[in-house]
Amino acid sequence: MKTALEREFIACGRGARPMYADDAIQLIPRAYYANIPHLSNAKCLIFDIIDAESGNVAGELAIRVGDSPCMFYLGHIGYHIDPPYRGNHGAFRACSLARPLLKSLGFGSVVITTDVDNTPSIRTCEHLGCTLESVVDVPGALQIEYELSTRKRRYIWLLNP
């Protein structure tokens with residue numbers, strides 16, 4: 001059974017309405033997956049990050065709810081910003097806007113992983129106030145299955161510091 005929050009996510013997505021917004025971006029729900037088998041039946045809520053000025057899709061924010069061995073390397077939050085929209089703190093803004101959603105989903109903290117050489121993503125994590133937990137080697141099978149790099153930086157973001 002879906003929660004009220006999940007129903008709201010789905011309704012906003014069907015209506016192409018922002019669920020969260022600030023003066024620079026909007027988060028419009030794009031896809032909801034209730035049970036992803038290869039992620040130990042985790043849920044996934046995917047948002048399009050919309051540039052408020054142009055109305056164009058500027059990137060994506062994925063929120064994964066659950067825990068599994070592969071989530072250790074994927075993290076609870078995944079994001080990307082498309083090249084024309086980089087340099088405007090879009091990932092930081094998207095994560096910040098999603099904070100109330102994460103809390104409503106029961107998270108006190110979340111894991112965000114980055115490639116060891118992804119300086120913009122590392123800066124996003126630092127700007128959010130995340131703590132670097134560790135740098136880990138990604139098992140070969142997961143590198144292939146999820147197209148992951150060989151090493152990941154694991155950050156912990158405390159939502160209620």
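Visitor: Where is L132 found?
Guide: L132 is in strand 7, residues 131-137 (strands are DSSP E runs of at least two, helices H or I runs of at least four, numbered from the N terminus). This is a predicted model, with local features needing pLDDT of at least 70 and side-chain atom pairs 80 or more, while totals use all residues. Numbering starts at 1 along each chain, and side-chain values use heavy atoms, without hydrogens or water.

Visitor: How exposed is L132?
Guide: Partly exposed, at 37% relative accessible area (buried is under 20%, exposed over 50%, with a 1.4 Å probe and protein chains only).

Visitor: Switching to charges, how many salt bridges are there?
Guide: The whole structure has 8 (Lys or Arg side-chain nitrogen within 4 Å of an Asp or Glu carboxyl oxygen). One of them joins R151 and D137, at 2.8 Å from N to O. R151 sits in strand 8 and D137 in strand 7, so that pair ties together parts 14 residues apart in sequence. R151 is partly exposed at 37%, whereas D137 is exposed at 53%.

Visitor: And what does K152 pair with?
Guide: K152 bridges to D115, the closest N and O atoms being 2.7 Å apart. K152 belongs to strand 8 (residues 151-158) and D115 to strand 6 (residues 109-115), so the pair links parts 37 residues apart in sequence. K152 is buried at 9%, while D115 is partly exposed at 25%.

Visitor: What about R93, which partner does it bridge to?
Guide: R93 meets D22, with 2.7 Å between the closest N and O atoms. R93 is in helix 3 and D22 in the loop between strand 1 (20-21) and strand 2 (25-36), so they tie together parts 71 residues apart in sequence. D22, D23 and R93 are linked in a salt-bridge network.

Visitor: Which residues of helix 3 are buried?
Guide: G90, A91, A94, C95, L97, A98, L101 and L102. R93 is partly exposed at 25%.
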